[in-house]
Amino acid sequence: MESPDSVVGVGRSPEAIRSPEGQLSPFEWYAEMRQETPVHFDEQRETWDVFRYEDVERVLKDHDTFTANRAFEADESSNDGDDDSPMLQTMITTDPPTQTRLRGFVDDRFQPGAIREYQPRVETVTEDLLDDLEDENSFDFVDEFAIPLPVIVIAELLGISADRRDQFKEWSDALVARPEDDTPEEIERVQREQKEAQRAMGRFFAELLEERDGGDGDDLITLAANAEELSRGEQIGFCMLLLLAGNITTTNLLTNAIWSVEEHGLTGAIRTGDVDHTQAIEETLRYRSPIQSLKRIAVEDVELHGQRIQAGDVLTLWLGAANRDPEIFDAAEEFRPERRPNRHMAFGTGVHFCLGAHLARMEADVALDRLFDRFDRLDADLSDLEPLSALYGLESLPCEVSRNA
Ligand code: HEM
């Protein structure tokens with residue numbers, strides 16, 4: 001599989017938002033760029049940055065002109081096959097018709113009906129995690145709750161035993177890690193660790209797929225193993241993609257929801273039901289989108305918002321900026337759970353619209369419901385926030401709680 005850089009656009013941040021403060025709050029910069037240079041070429045990162053909702057939407061919907069396939073890029077250094085890891089094609093880095101084939105076999109399993117059937121299991125996992133916190137009056141929301149919940153859920157969907165979960169977390173962390181500085185040694189370290197994690201994961205899934213080939217289990221590894229339209233390499237790629245795409249994103253949605261609700265003094269109103277927690281999650285997706293940017297590459301010369309984009313140029317699509325575009329959203333910079341409609345693009349749009357969107361929403365819904373059922377007070381400490389090095393979220397979120405009798 002290609003570097004996760006290609007999956008969610010977590011390459012080097014723009015200079016303007018590289019500081020921890022910029023990472024926590026890139027929104028002023030977005031507003032300025034949306035207004036002044038909505039489609040702008042960054043010489044340093046060699047990418048077009050796209051900020052307005054209508055431009056981001058147009059690029060994502062026009063997959064004939066803007067490919068998700070990084071192999072198209074003129075510089076194929078990430079694709080040089082200089083090691084023994086297999087080049088794994090996945091739905092997220094291909095275009096139709098290949099993308100349609102790679103996604104088709106699993107689409108049904110992520111539709112609302114299928115996800116509803118799985119809800120009781122997510123409720124049990126959530127209750128178990130809260131039981132583990134039974135004796136605590138303070139805990140780190142990220143480590144103790146927001147990280148384990150999605151990891152356990154994906155592992156269960158794939159049909160992977162509980163004792164491999166820590167291993168998963170290590171792999172997915174390595175795969176979305178960002179260099180801490182620009183030195184060649186640091187970049188090389190991160191790349192080396194990513195390749196090692198990829199190889200280890202690849203071997204792990206290859207073994208399980210072999211074991212389950214022809215089996216009748218209803219887990220996703222068996223489903224993939226029996227999908228004859230996919231090569232073994234593509235089946236491995238699918239399993240790795242699910243781990244990668246579904247974990248940190250959902251962790252960040254949970255964290256960003258508690259962060260936003262606390263920041264706006266809405267914790268009590270959520271607990272009493274005066275503010276609907278499902279809508280608060282939806283507004284969190286818009287207001288603090290777990291994935292702030294995506295990448296595409298132009299396959300032909302094209303004009304976008306008055307700029308000439310050339311074939312082979314990379315585009316960085318700022319979902320986080322599009323989701324606060326005042327042309328689309330009233331009071332776009334405000335957190336308003338009651339907002340309707342809420343046409344955010346936190347899950348992307350077009351053919352690559354997030355496969356796991358219903359699952360992520362259901363998990364977050366169950367999580368908030370159970371948290372506020374269990375605790376009659378949940379105070380998150382926002383005094384010393386540290387941005388996550390990958391995607392948009394927090395390293396930790398200390399919470400103090402007291403319980404309902
Ligand atoms: C809040 C949580 C999540 C967010 C914000 C999110 C966001 C996204 C976005 C923006 C895309 C589009 C990527 C692109 O167009 O290049 C995407 C695609 C995808 N997501 Fe999610 N995601 C989340 C949770 C999940 C979960 C839980 C799963 C899996 C169980 C998942 C699996 C996928 C897959 C497989 C794709 C690729 C779809 C395709 O290319 O056809 N995501 N996600």
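**Burial, rings and overall form**

Biologist: Is Phe 347 buried or exposed, and what is its relative accessibility?

Modeller: Phe 347 has a relative accessibility of 12% and therefore counts as buried, the term meaning under 20% relative accessible area, with exposed meaning over 50% and partly exposed the range in between (1.4 Å probe, protein chains only). This is a predicted model, in which local features need pLDDT of at least 70 and side-chain atom pairs count only at pLDDT 80 or more, while totals for chains, interfaces and linings use all residues. Residues are numbered from 1 along each chain as its sequence is written, and side-chain values use heavy atoms, with hydrogens and water left out.

Biologist: How many aromatic pairs does a search of the whole structure find?

Modeller: A pair of aromatic rings is described by the distance of the centres and the angle of the planes. Rings of Phe, Tyr and Trp (its six-membered ring) pair if their centres lie within 6.5 Å, and planes under 30 degrees apart count as stacked, over 60 as edge-to-face and the rest as tilted. Searching the whole structure gives 17 such pairs. One of them joins Trp 29 and Trp 318 edge-to-face, at 5.8 Å centre to centre with 90° between the planes. This pair links distant parts of the chain, since Trp 29 lies in helix α3 (residues 27-36) and Trp 318 in strand β8 (residues 314-318), 289 residues apart.

Biologist: Are Trp 29 and Trp 318 buried or exposed?

Modeller: Trp 29 counts as buried because its relative accessibility is 13%, and Trp 318 is buried with a relative accessible area of 6%. Phe 347 and Phe 353 likewise form an edge-to-face pair, with 6.1 Å between centres and 70° between planes, and here Phe 353, at 31% relative accessibility, counts as partly exposed.

Biologist: Which residues do ring pairs link into a cluster?

Modeller: The cluster consists of Phe 27, Trp 29, Tyr 30, Phe 51, Trp 259, Trp 318 and Tyr 392.

Biologist: What radius of gyration does the chain have, and what would a compact globule have?

Modeller: The radius is taken over C-alpha atoms, and the globule rule is 2.2 Å times the number of residues to the power 0.38. For 405 residues a compact globule would come near 22 Å, and the chain, at 21 Å, agrees with this. Its C-alpha atoms fill a box of roughly 60 × 55 × 40 Å along the principal axes, and 54% of the 405 residues count as buried.

Biologist: What share of contacts joins residues at least 24 apart?

Modeller: With contact meaning heavy atoms within 4.5 Å, the share is 72% of those between residues at least 6 apart in sequence.

Technical notes: Helix = DSSP H or I, 4+ residues; strand = E, 2+ residues; numbered from the N terminus.
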